[in-house]
Amino acid sequence: MASSEMWQAAALFMIMFQCSVRGQISYSIPEEMAKGSIVGNISQGLGLDLKRLKSGKARIFAGDNTEYVGLNNERGILHTEEKIDREALCAKTTPCALHVQLILENPFEWYDVTVEITDINDNAPSFPKGEITFEISESAITGARFMLENAIDLDVGSNCHLSYSLKPTDNFVLSLQSQTDGDRNMEMVLQKTLDRENKKQLSLLLTAVDGGEPQLTSTVRIHVTVLDHNDNPPVFSHRVYKAILAENTPKDTVITSVSASDADEGSNAIITYYMSGTGDVNDLFMVDARSGEISLKGSADFEKARRYQINIQARDQGGLSDSCKVIVDLTDMNDNKPMISIVSMSNSISEESRPGIVVAMLNVNDLDSGLNGQVHCHINDNIPFAIASSSSFFSLQTEQELDRERESEYNISVICTDEGVPALSSSVSLRVQISDVNDNAPVFEKTIYEACVVENNTPGVSIFSVKASDADWNQNARVSYILEDSTVNGVSVSSYMSVQPDSGLVTAMRSFDYETLKDFHFRVKAQDGGSPPLSSNATVKITIQDQNDNAPQVLYPVQTGGSVVAEIVPRAADVGYLVTKVVAVDVDSGQNAWLSYKLQKATDRAMFEVGLQNGEIRTVRQVTDKDAVKQKLTVVVEDNGQPSRSAVVSINVAVADSFPEVLSDFKDFTHKKQYNDHLTFYLVLALAAVSFLFITCVVVIISVKIYRWRQSRFVYQSNLPVIPYYPPHYADTGVTGTLPHGYNYEVCMTTDSRKSDCKFSTLGGQSVLVVDPSFTETMQHNIKKNNDVEGEYSTSQKPPNSDWRFPPNQRPGPSGQQRFHTLQQRWTPYEKSRAGVRPDEAGAGPGVIAGTGPWPNPPTEAEQLQALMAAANEASEATATLGPRYNLQYGPEYRQNVYIPGSTATLTANPQQQVPQQALPPPQALPPAEVPKAAQTPASKKKPTKKDKK
């Protein structure tokens, strides 16, 4: 009866639920399926497209948070998430089903899915005890019944239908009796009296077999002890007892009591009560062995089980017993708060969302029943949201239009309360952010901006900033400033001003001139970064402030360059006579254009005055005959700016009565030298130029002196075998010796040659040895020493070197082998030779090439050429021997071309290629020798004249 009522309630619930869901589907699967086993194709079953499952983020929602089944969105397959044990899930409840929901979003839909778990024979029967013991009196009559505990099979249906067998059956047989509730009592019936003297102990085997495929069995051993005579068993007053228990009843509360009686007397009438059940019943209830009172041992929970059945057994001391059943029904109490689960939640919603948009979906479940399980939900007031219910699902929806600028987020508290007494409630807090939409244009702080800038400003100077704000957020509130295109005096405004896009800083792009442009205006647009962008405009007016940057301009009298303009003042003019009026203008404005006139210069200051404001030149006294005809006035026109600027005008005034009289006196005005205002500047410039040239010359002379000193110091102190080259500038300017021509001599010496025996003498007393200014300190030292002892060498000559006796090709010096160490040349005039005769006197014939030297034979031109060629060859050999260090920095520079004095022939010396020498002509006849003059004393020395130098 109770089972049918539950099914009717479930059917009614399903009918009500179908009104709130889109559809439902049921599947049936056996228990203990492997993980990932296919339950069914839910897309085909519900007629849903796979794309809909993906776009709607389909998922399975289980109210008890235990996910036994899952959904494959790619295939639309419903599969098991783990093995399902029907006995653990539903115990004895049939049918056993999982009720889940398929949730879809965008738009929100849900479907009820029922998965029935069918039982398989996976549990064998089991007896509560491992063995059963009976003590039976031998006086027990045939037909005596002994209650046996039924085996427990956790399966349901046919799998839990048990059949029993008892062996051996000599004394006892099994008896199964069906009860009104469908259960069966198993009893062992004595079919043959016991004989304690014949057999004191009996051992029986009880076997239980279920009805599944394959069949599973269980056995228990029954030990029977035969006692002495006790022929009346206990008898309960009722076979079934009923009790009602409210859940959450405190422990140790007595629920009901049972009672049994025994017709025997004495110890055989003493009855003991005990519970024969197992499982949750033994954990929840207990019976007093003496009184038969049944009390609560644990905590009863209506949501776990609504009815309990307790098997009570009464046994006397003789082993006789009887049994009864106690049924306890639980009543529900409001002891469970509603449980709120967030099925779907949108953390952010656009502010342009329409009313009725679902923001969150909640599932509310109350484990209580009846009014205790009925739940209603509400939210806090004064927010643009509402909550709607459908069965156990509640949706949070927008009720009014949203504005992020008014409220950027909402903290919504959803409170769910049941109908119990007292009512219990639960709450959940939802945070919903309102996403921004570009619905607000930027707003300037001012609609019209005014600013001033002084003329002649620096291009690029910052003037001021415009500022606009946007009530939107993030990118929609990012304001950019744009200069709208317009023209000022026909020119684009962008050439005048610029606006920084990020900061709104207004910058001048050019230098302004107040006289050209006094003010202008343009428009600045503020545009946000939304899509599409919104913008607003502001007008900017720029006023140019005047500066005193223009000097006054004299309009009259007109200043001409070539002609003379003069104002005529008659001699009979009275005091205050208006001579002329200076007219000037200033293009500036305001105080900068206020002009004042002053008389700066005048031929006669006591005669004229200038009006300070009007520029009128008037006489201040009577003109007399003594006054000069020509009067020159200089008037300064000055403005009132800071600093002030001025202009000067010169006015010629003629004191005369007629024009011809004036013309005769003013005809030479144009020929006078005008005063030059720049004369001082030119004088200073000329003085600076002269000073610069003087300082430059001093620096050059000092530099040359330092350079020569460093060169002489280098040659004097160096120990390297340097062979410098000295240009052939040694000339016998006097030509008083025996040589008919001037000759040049090249002397190659070492750095230590100042210590050698090299001597220099002059050819005749008036000959001058001219040395190149680039000569080294060594040669200068020797020349100085020779000049000091010149008198001695001119009066007493050393005897000639004996080398003159050798042929020219064997002599040392210019005609022999050249050496790069100390080279000595002694030159003695022919008249002062101590020995030897002239070549013709020595027997040389006219065809013999004789030297022209004074001792004993002067060198011929061929000998001089051979000496130069030998020196050039040995320079090449020294370069090859000494290596790269013997270069132009350390050694002499030999020229490639050799010029022969007194001849037009030019020879080239090349160490790598020998060129045949040109034959020389025979020497000319020697002129008669002149007697050398006396040597000059230091006092008689004088510089050669220009004629001598020529």
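**View 1. An open sheet of four strands has the order E16-E23-E22-E19, and its pairing is mixed.** Strands here are DSSP runs of E with at least two residues, and helices are DSSP runs of H or I with at least four, both numbered from the N terminus; two strands pair if DSSP finds at least two bridges between them. At the edges lie strand E16 (240–246) and strand E19 (271–275), each of which pairs on one side only. From one strand to the next the twist averages 25 degrees, where axes are lines fitted to C-alpha atoms and angles run from 0 to 180 degrees between N-to-C directions. Strand E22 (residues 307–316) and strand E23 (residues 321–331) run antiparallel and are joined by nine bridges, and cysteine 324 in E23 is the bridge partner of isoleucine 312. This is a predicted model, in which local features need pLDDT of at least 70 and side-chain atom pairs count only at pLDDT 80 or more, whereas totals for chains, interfaces and linings use all residues. Residues are numbered from 1 along each chain as its sequence is written, and side-chain values use heavy atoms, with hydrogens and water left out.

**View 2. Side chains alternate along strand E10 (residues 163–167).** In a regular strand the side chains alternate between the two faces of the sheet.

**View 3. Phe61, Phe108, Trp110 and Phe393 form one aromatic cluster.** Rings of Phe, Tyr and Trp (its six-membered ring) pair if their centres lie within 6.5 Å, and planes under 30 degrees apart count as stacked, over 60 as edge-to-face and the rest as tilted. By this rule the count comes to 17 aromatic pairs. The rings of phenylalanine 108 and tryptophan 110 have centres 5.4 Å apart and planes at 50 degrees, so this pair is tilted. Tryptophan 110 is buried, with a relative accessible area of 9%.

**View 4. Tyrosine 496 and phenylalanine 512 form a stacked aromatic pair.** Their rings are 6.2 Å apart from centre to centre, with 10 degrees between the planes. Tyrosine 496 lies in the loop between strand E38 (491–492) and strand E39 (497–499), and phenylalanine 512 in the loop between strand E40 (505–508) and strand E41 (519–527), so the pair ties together parts that are 16 residues apart in sequence. Both tyrosine 496 and phenylalanine 512 are buried.

Key
Buried < 20%, exposed > 50% of the residue type's maximum accessible area, 1.4 Å probe, protein only.
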